[in-house]
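Visitor: Could you take a close look at one part of this model for me? I would like the cut-offs alongside the values, please.

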Amino acid sequence: MSVTKKYLAKGTEIISVVAEQESKIQEVAQIFAQSILSGRMVHLFGSGHSRMMVEEMWPRYGSFPGFNPIVELSLSFHNLVVGANGQRQAMFLENVSGLAARILRNFDTSPQDTALVVSSSGCNVVPIEMAEEFQKRNIKVVALVSKLHLEGSTSKKSDGKKLTDFADFVLDTGAPLGDAMIYLDGLDSPVAPGSTLGGVLLINCIKAEVAKILHENGKSPKVLSSGKIVGEKRAVDLFESAYDEHAHLMAKLYENLGNKPDEN
């Protein structure tokens with residue numbers, strides 16, 4: 001069997017893992033939709049390569065407002081690899097305790113908000129503390145992890161807790177321990193990871209379910225769409241109105257900053 005066929009076979013297994021979580025996906029979509037219907041937002045956080053899942057949710061074609069993508073460049077700017085802004089620094093910062101609280105200090109959250117925190121291993125400090133901080137604010141947290149990778153990994157948080165310890169819902173990408181899925185003869189390190197595939201499937205299933213709930217409740221989403229589908233003028237109008245709606249929702253996250261006694 002070719003390595004392409006092997007990877008595609010592994011991908012089929014991942015699709016099956018995601019399909020088995022349909023009822024949980026729908027539960028998650030319900031709480032996310034309720035945040036948006038209430039005029040609030042779903043906060044999205046992922047460090048390292050997990051930022052891809054954040055940007056898969058919003059903003060891109062087929063997506064709509066209601067999501068606050070929290071992406072810290074210091075934790076996820078991988079392009080340079082080495083030197084200034086290199087990968088070593090990002091991986092170090094991903095395990096600095098207290099950084100999550102400083103990031104969230106920028107937002108005036110509400111218990112009507114919800115959150116999605118993405119981390120394949122669920123063992124790095126910043127994503128764990130981000131979920132912990134959200135729960136301290138009475139915000140329901142959904143963790144998107146690779147269950148086998150999480151179970152086989154050791155938390156880098158001092159108390160040993162993992163992301164799933166601070167999650168109300170847990171979704172599994174279906175990727176294996178170590179993430180990479182293809183072994184080659186004579187090479188001890190597998191190649192071609194699977195968590196991105198499972199993560200993207202979960203994100204878009206959630207997105208579709210949320211859109212359906214919003215539409216059925218009289219709040220049809222302003223979807224970023226191609227002019228080849230809806231016509232050029234309609235596409236431009238959708239982009240402009242979607243961005244405006246996002247700006248108005250974001251404004252709510254800043255309006256009362258500094259007015260709460262526990263902020264510092």
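Guide: Happy to: Cys205 is partly exposed at a relative accessible area of 34%, whereas Cys123 is buried at 3%. Here buried means under 20% relative accessible area, exposed over 50%, and partly exposed in between, using a 1.4 Å probe and protein chains only. There are zero disulfides in the structure, a disulfide being a pair of cysteine sulfur atoms within 2.5 Å.

Please keep in mind that this is a predicted model, where local features need pLDDT of at least 70 and side-chain atom pairs count only at pLDDT 80 or more, while totals for chains, interfaces and linings use all residues. Residues are numbered from 1 along each chain as its sequence is written, and side-chain values use heavy atoms, leaving out hydrogens and water.

Next, Gly198, which sits in helix H9 (residues 195–216); helices (H or I, at least four residues) and strands (E, at least two) are DSSP runs numbered from the N terminus. Gly198 is buried, with a relative accessible area of 0%. Leaving aside residues up to four places away in sequence, Gly198 touches Ile14, Val18 and Thr173, contact meaning heavy atoms within 4.5 Å. Between the C-alpha atoms of Gly198 and Gly152, which are 46 residues apart along the chain, the separation is 18 Å.

As for the sheet, five strands form an open one in the order S2-S1-S3-S4-S5, with parallel pairing; two strands pair if DSSP finds at least two bridges between them. Strands S2 (67–70) and S5 (169–172) are at the edges with a single partner strand each, so one side of each has no neighbour in the sheet. Further in, S1 (residues 42–46) and S3 (residues 114–118) run parallel, joined by five bridges, and Phe45 has Val117 as its bridge partner in S3.
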